[in-house]
Amino acid sequence: MQFTVDRQKLQKALQRVSNIIGSRSTLPLLGNVLIKAADNSLELSTTDLELRLVTTVEAEVAEAGVTTLPAKKLVSLIGSFSAEKVEFSVNENDQAKITCGTAKFTLFGLAAGDFPEEFSVEPVRTIRIKESVFKRMIGSITYAVSVDDSRKVLTGVLLSLRDAALTMVATDGKRMAMQEAAPESADGDGDAIIPLKAMVELRRQLEGDDVMTVEIGEKICRFTSASVKMTSKLIEGAYPNYRQVVPGSFACEVELPVAALLAKIETVALMIAASNGSIILNFADNQLQLQASCAEVGEGCDMLETVYEGEPFEVSFNPSYLADPLRNTDADMVRFKLNDPLSPVAIEAGEGFLYIIMPIRKK
C-alpha cells in the first residue's frame, strides 16, 4: 500500500477518530486506526467495540490497500512533522515507512483482518437535522445524565420522535433536562437511548450547519455528518415517562437574566464549595436574594433585581444543579416557574428547553 497525503488534513482526520481510543484496552488492535487506501482517498476508522468513528481524507493513492497503525503514536508523529506532504509505504507485514520532508520513520502496525467489523444498522427511524441544531440540543442537556450504573437507562440520552418533533431528554432522578426541536425531516415515531459517551463525542465532532442524518435501528444507531460517520450501540430498556414530572400548572413565574444570575449563584456558592450545603433563593418585593452559609466557613448573600410582586417565597437548591442549565444555554433570559418550596421547579431557557429541578427540604 502506498499513498501521499496532505499533512494537515491527515492530522485533522486522525484527531477526529482517535479521541475514543482508551489507554486500558487489553486488545492491541483497539489502539490502532484502520486505514483503507483506495480511489484517491483514505478511510480512517477507530472503535472501542461500543462506538465506531469513520472519516475520510483526500490522498494520492499509488497502491490501494488496508492496514492498522497505532493511532496515538501516529497522531504524535504527524503533529511533529513540518513538511506539507506525508508519504506512506506499507509492506505485507504491516510495517509502514513514513516520510515527511527530511523525516523518515518506520511504524509497526497490525494486520487489518482481525479489526472489528463495522456495525450493521437497519434503520427503523430516520431523522435529518442541521448539525448546529443537534449539537446545541446535546449541549443543553447532557450534564443531567446519571453517572450511577444501577439504573442503566439513565446513563444515556433519550431521543424521542413523535409526529416529526424531536425531543432529547436527560435525567439522574434529581433533575431533568429536556430540549425539543423540529428536524428537517423525520420518519417513524419511537424512542432510543444513546450512551452518554456517544453523545459527548458526537457533539465534539459536529462543527458546521450542514444537514446530518440520524438512523435508529433496533440495537444500533448511526450518525452521518459532513465530516464523520459514527455508529453506536443503544442502551436497552424503557426510559421513564419524563413528561409525568412536569407540573401541570404553576403559581408564579419570574424572569431573570442568565449571565447575572449565574455569576451570583457561583459567587454565593463559594461559601459552601467544600460542603453539601444548599443555596437559598428568596423572592420578595421585586428582588431575588441569594444566600448560603456554612458553619465552618461563614455566610454570604447577594441580590438581583427582578419583577416579583407576590408573597415572599423561599426555596433551596443544590447550587451545581441550579447553575448547570445556565452554563449550557445560549439564551439571555430564563424563566423560573414555581408552586411552593417543596414542589418541582421548572426553568425555561431559549426555544424548546425545559429543566425540572427538585428543591432541597430544610432540615
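Predicted model: local features only at pLDDT ≥ 70, side-chain atom pairs only at ≥ 80, totals over all residues.
Residues count from 1 along each chain as its sequence is written, and side-chain values use heavy atoms, with hydrogens and water left out. Local features need pLDDT of at least 70 and side-chain atom pairs count only at pLDDT 80 or more, while totals for chains, interfaces and linings use all residues.

**View 1. Helix α3 meets helix α4.** Here α3 (residues 131-139) packs against α4 (residues 196-205) at about 135 degrees, with the axes 9 Å apart. Axes are lines fitted to C-alpha atoms, for helices over the stretch in contact, and angles run from 0 to 180 degrees between N-to-C directions. Helices (H or I, at least four residues) and strands (E, at least two) are DSSP runs, numbered from the N terminus. That angle makes α3 oblique to α4; under 35 degrees counts as roughly parallel, over 145 as roughly antiparallel, 65 to 115 as roughly perpendicular and the rest as oblique. On the α3 side, look for Phe134, Lys135, Ile138 and Gly139; α4 brings Met199, Leu202 and Arg203 to the contact (heavy atoms within 4.5 Å). Sorted by class, that's four nonpolar, one polar and two charged residues. Ala, Val, Leu, Ile, Met, Phe, Trp, Tyr, Cys and Pro count as nonpolar, Asp, Glu, Lys and Arg as charged, and the others, Gly among them, as polar.

**View 2. An open sheet of four strands.** Read across, the order is β22-β21-β20-β23, with antiparallel pairing; strands pair if DSSP finds at least two bridges between them. Neighbouring strands are turned by 20 degrees against each other on average, direction ignored. Helix α5 (residues 258-268) packs on this sheet and touches β20, β21 and β22, its direction making about 170 degrees with that of β22. Zooming in, β20 (residues 279-284) and β21 (residues 287-294) share five bridges, and Ile280 has Gln291 as its bridge partner in β21.

**View 3. The β8 and β9 hairpin.** Six bridges join β8 (residues 95-100) to β9, and the two run antiparallel. Gln95 stands opposite Phe108 in β9. Two residues lie between the strands, and Gly101 takes a positive phi near 65 degrees.

**View 4. Phe81 and Phe105, a tilted ring pair.** The structure holds six aromatic pairs. In this one the ring centres are 5.8 Å apart and the planes sit at 40 degrees, so the pair is tilted. Rings of Phe, Tyr and Trp (its six-membered ring) pair if their centres lie within 6.5 Å; planes under 30 degrees apart count as stacked, over 60 as edge-to-face and the rest as tilted. Phe81 is in the loop between α2 (71-80) and β7 (85-90), and Phe105 is in strand β9 (residues 103-108), 24 residues apart.
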